[in-house]
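Dear colleague,

I am passing this structure on to you, and below it I have set out what turned up when I went through it. Please read the notes alongside the coordinates.

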Amino acid sequence: MPSLILGSRSLAAWSGRTLVVGVTGAEPALAAGVDLPKSTVTHLDAALPVLEVGTKVGATTTLPAVPGLKADKVVLVGLGEEGEGGTDALRRAAGAAVRAAGKGSVALALPHEDDADLAAIAEGALSGDYRFTAHKSAPGEGEDREITVFSTLDRKEDPASVLETAATISRNVAWARDLVNTAPNLLFPQSFAEQVQQTAKASSGKLKVEVLDDTALLEGGFGGIVGVGQGSSRPPRIVVLSYAPRSKKVPHVALVGKGITFDTGGVCIKPSAGMLTMKSDMAGAAAVAATVVAAAELELDVAVTGYLCLAENMPGGNAQRPGDVVTMRNGSTVEIIDTDAEGRMVLADGMALAAESYPDQILDVATLTGACVVALGPQIFGVMGNDEELRTAITEAADRADEPSWPLPLPTDLRSGLDSAVADLAHKGDRWGGALTAGLFLQEFAKDSDGEQIPWAHLDIAGPSFNEGGATGHLPKGGTGVAVGTLLEHLANLA
């Protein structure tokens, strides 16, 4: 990860590789609020119409050897037309510009009005620099480069602290992306658990890690995750990753993440094309792990416990079958309908375990249903829950984090589709409203030992968790780390 530096010299004196400057308006013009040398402004003003510079958010144009600057080149990046800007535009533009800059040091001189704008620029720049090279025989260069952000904020507003926070968040988002992008023969339940242990040990945050292995899961009555994982030679794990601030009188939030390290569909096997990106079926667990570590490093005044429900869904000789009945952690019995609907089973056991600590809220994060992608497309995640205030808080946090979401209902008339003739619950309804019936199933496990509901929200990130297309804005190809920003926004708001 590159180093993030607050600019201390003038733009004219900065002597690195690439300087990023914003352009805006229907007729392209340099963005206001940036102190460029007069000769530089004159040159760029003359070049804008000749080069037909685009101002669409993230559009880039590169100019070499601009007068008045020591930088080797200038990247002009679109910030949108008048009134189209804001933190989202700054984040996306910064990411696109850093990617367009290529190798070498980069400095960003983009307009900002407050610390939220400055944080968006810094996070976008670091996100745009992200690349996954762990599996390359010759990893690419550029990982250690400097990214300088120039700020017009007064020292009293502490821009250095804003950048430090942005770097912490971005480092953990990058870790979530790395986990998602890692090949499934290298990332499986045990190796995932070991990575979490190593990261927690190296972190500056006060973190505790407990790993429940296959023996502990079997003895503890975790029939959901045991059943999902029994077809694999690599058994399941639940990792409990926790952070508690010094103060005891703080909210306690439980985060539960789906961590299917590879999903074949089990005996209800997927078509081969449907398996190509199934290494990303653990993106929920990756987001939860990254969020807990970041919360600890930021010392948020809220207690956070993450439950990473890790399993590999394989069609081995001992694999689960449709028609099997399993007993969950909370004692309820579930009839298996479709072994390719495994995520809700590992989540349900994780939620039941989380409920035993009586948290103030339970949030689960999962690449749960293709139905949610059909409903909302590949860039928007769905939010469901048993508490309207909490559901609204999550969608508002997602807006602030530039992670598009949309609230979805849990219609009571669909609940009868989960009735079973042989068990307490069928684990899947019919094809209609598949994302919603998955949510209705999970809702059954957001209860304490007395049967009272715990405020709960479900984030179905099946669409935006993995970008199959090319990089766009601040988002890379592959794992996106979606939900980390939303969860941290929500936790910070609670704190």
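**The three-stranded sheet**

Three strands form an open sheet with mixed pairing, in the order β12-β13-β17, where strands are DSSP runs of E with at least two residues, helices are runs of H or I with at least four, both numbered from the N terminus, and two strands pair if DSSP finds at least two bridges between them. At the edges lie β12 (325-327) and β17 (425-426), each of which pairs on one side only. Strand β13 (residues 333-335) is joined to β17 by two bridges, and these two strands run parallel; Val-334 stands opposite Leu-425 in β17.

As to provenance, this is a predicted model, in which local features need pLDDT of at least 70 and side-chain atom pairs count only at pLDDT 80 or more, while totals for chains, interfaces and linings use all residues. Residues are numbered from 1 along each chain as its sequence is written, and side-chain values use heavy atoms, with hydrogens and water left out.

**Helices**

Helix α10 (residues 343-355) has 13 residues and reaches 18 Å from its first C-alpha to its last, close to the 18 Å expected at 1.5 Å a residue, the expected span being 1.5 Å times one less than the number of residues. Of its 13 residues, 13 are buried (buried means under 20% relative accessible area, exposed over 50% and partly exposed in between, with a 1.4 Å probe and protein chains only).

The axes of α4 (residues 159-181) and α9 (residues 283-297) come within 9 Å and cross at roughly 155°, which makes α4 roughly antiparallel to α9. Here axes are lines fitted to C-alpha atoms over the stretch in contact, with angles from 0 to 180 degrees between N-to-C directions, and roughly antiparallel applies to angles over 145 degrees. Among the residues of α4 that meet α9 are Arg-171, Trp-175 and Leu-179, and the residues they face in α9 include Ala-286, Ala-290 and Val-293.

**Two single residues**

Thr-168, which is placed in helix α4, is buried, with a relative accessible area of 10%, and leaving aside residues up to four places away in sequence, Thr-168 touches Ala-294, Glu-297 and Leu-298 (contact means heavy atoms within 4.5 Å).

Val-34, in the loop between β3 (29-30) and α1 (38-50), is partly exposed at a relative accessible area of 21%.

Best regards

Definitions and conventions: Parallel < 35°, antiparallel > 145°, perpendicular 65-115°, else oblique.
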